[in-house]
Amino acid sequence: MGKIVGGVTTSHIPAIGNAIANELFEDPYWKPFFDGYPKAREWLAEVKPDVAIVVYNDHGLNFFLDKMPTFSVGAAFEYENKDEGWGLNPLPPYPGDPELSWHIINSLVNDEFDICSCQEMAVDHGFTVPMALLWPDQTQRPVRTIPVAVNTVQHPLPTPARCLKLGEAIGRAVASYPKDLKVVVLGTGGLSHQLDGERAGFINKDFDLMCLEKIVDEPEALAKYSIHDLVRLAGAQGAELILWLIMRGALGKTVSKIHSNYHIPISNTGAGLLVLQSAA
Amino acid sequence: MASPAGQEPIPGTTIFDGRMAMKGYALNKMCYSFNEAAARQEFLADEEAYCAKFGLSDEQRTAIRDRNALALLAAGGNIYYLAKFVGMLGLNVQDIGAQQTGMTVEDFKAKLKAAGN
Ligand SMILES: [Fe+2]
């Protein structure tokens, strides 16, 4: 049987990729951020997941406005990272698990989530930065991956309530997988930030800390917000909180908090990290 | 400050909805092309010709020429695609944040830091 062992949520800011490449782990600006991750990695080493379902948003690498699916699930043998326009060297590809992907796709559609399936899917910093934070050694790929991409580029974005339900449906899909396999779910992005407009640089610490608390035991409280509420309270790109809600929905009713970290600012963002373990 | 119908506008924020996505299509398509190194070189070699190739409006061409982030947004640009344009020019999101808020980059960074207090 498929089993979701827990979830990790983490910010996925592109600047983190640069900081990793330049090994700025002890740099005073970066240290309070990077110091949050060893505990998350220890937990992963303990639970030893076989597969990571990575819920993220594409920032204009794989999808353009010509076709903008709301929810997409990868079904490839391998996912490539590519140049996002900044000339950085792409990271080595990530192995997929197409058999589990198709099981999830079948289960989701049967569950009335009409997602887009992708046999080719380039993954951007929204996917690669969290993977690099959690599994830093780029010469090894100890987990297979299934990217789940959510439209946060073009409104209307899916509602927080819908996202929590999609997560629950992903949880049911994994639980009905006939093979024995351990799955961790990553929810990437957030927390509050806004890159565009005269309101650029908006960060809302109180709201972020409230989200880090509520998402553990009361995700329904966060699912009550509208997207417009999230833009107002967390900034235009803070709406990425919906990705965290998908992760949370997949973990089931009861979880225990293993670890969290929060630091302002990383780039223009309130950077959050949370490790949750599913009930046995 | 555009918001979808029935939603209270959020100051300093344009919701990138269908209306903006239609308005900015050519501009965003050009910026999306900058994922490819060859496209970046082609743009830098002859900006005007590259803008013409994608059919940018006069408003969009002027905003590109001026490297003006607020004007690019007003012309329908989406921040994620624009990030590829400004990244190609060697600017980061603090540089762009400072430009949009009329602050120096140092002041903008200080404002971000102060949000943690
Ligand atoms: Fe993002």
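**Exercise 1. The interface of the two chains**

How many residue pairs are in polar contact across the interface of chain B and chain A?

*Solution.* The model is a predicted one.

Step 1. Across the interface, 18 residue pairs are in polar contact, both residues being at pLDDT 80 or more.

Step 2. The elements giving two or more residues to the side of chain B that touches chain A are α1 (18-23), α2 (25-33), α6 (69-74), α7 (79-88), α8 (93-101) and α9 (105-114) of chain B. With seven residues, α7(B) gives the most to that side.

Step 3. Chain B brings 43 residues to the contact, and chain A brings 38 residues.

Step 4. The size of an interface is often expressed as the accessible area lost when the parts come together. Here about 3,400 Å² is buried between chain B and chain A, and carbon and sulfur atoms give 59% of this area. On the side of chain B, the residues that lose the most area to chain A are B:I10, B:Y80 and B:L112, which together make up 18% of what that side buries.

Step 5. One salt bridge is counted between the chains. Its partners are B:R40 and A:D83, whose closest N and O atoms are 2.7 Å apart.

**Exercise 2. The helix α7(B)**

*Solution.* 

Step 1. A residue counts as buried when its relative accessible area is under 20%. Eight of the 10 residues of α7(B) are buried, namely B:I79, B:Y80, B:Y81, B:L82, B:K84, B:F85, B:V86 and B:M88. The helix is thus mostly covered.

Step 2. Within chain B, these buried residues pack against α2, α3 (37-45), α5 (58-66), α6 and α8.

Step 3. Just after the helix, B:G90 takes a positive phi of about 85 degrees.

**Exercise 3. The iron site**

Which protein donors hold the iron ion, and where do they lie along the chain?

*Solution.* 

Step 1. The protein donors are A:H12 (NE2), A:H59 (NE2) and A:E240 (OE), at 2.0 to 2.2 Å from the iron ion.

Step 2. Their spacing along the chain is H-x46-H-x180-E. A:H12 belongs to the loop between β1 (2-10) and α1 (14-21) of chain A, whereas A:E240 belongs to the loop between α9 (227-234) and α10 (241-250) of chain A; the two are 228 residues apart.

Step 3. A:H12 is buried, at a relative accessible area of 4%, and A:E240 is buried at 2%.

**Exercise 4. The cysteines**

*Solution.* 

Step 1. A disulfide requires two cysteine sulfur atoms within 2.5 Å. The closest cysteine sulfur to that of A:C163 is in A:C211, 14 Å away, so the pair is too far apart for a bond.

Step 2. B:C51 is also in no disulfide, the nearest cysteine sulfur being that of B:C31 at 8.6 Å. Over all chains the count is zero disulfides.

Step 3. A:C163 is buried at 0% relative accessibility, and B:C51 is buried at 3%.

**Exercise 5. A histidine in a strand**

Is A:H259 buried or exposed? Identify its surroundings.

*Solution.* 

Step 1. A:H259 is buried, with a relative accessible area of 12%. This residue lies in strand β9 (residues 255-266) of chain A.

Step 2. The side chain of A:H259 reaches the backbone oxygen of A:G36 at 2.7 Å. Beyond neighbours within four places in sequence, the contacts of A:H259 include A:K39, A:A40 and A:L273.

Notes: Residues numbered from 1 in each chain as written. Chains lettered and ligands numbered in written order. Predicted model: local features only at pLDDT ≥ 70, side-chain atom pairs only at ≥ 80, totals over all residues. Heavy atoms only, no water. Buried < 20%, exposed > 50% of the residue type's maximum accessible area, 1.4 Å probe, protein only. Donors = N, O, S within 2.8 Å, 3.2 Å for Na, K, Ca; no water. Helix = DSSP H or I, 4+ residues; strand = E, 2+ residues; numbered from the N terminus. Contact = heavy atoms within 4.5 Å. Buried area = accessible area lost by both parts, 1.4 Å probe. Salt bridge = Lys/Arg side-chain N within 4 Å of Asp/Glu carboxyl O. Polar contact = N/O pair within 3.5 Å; in protein donor to acceptor, adjacent residues only side chain to side chain.
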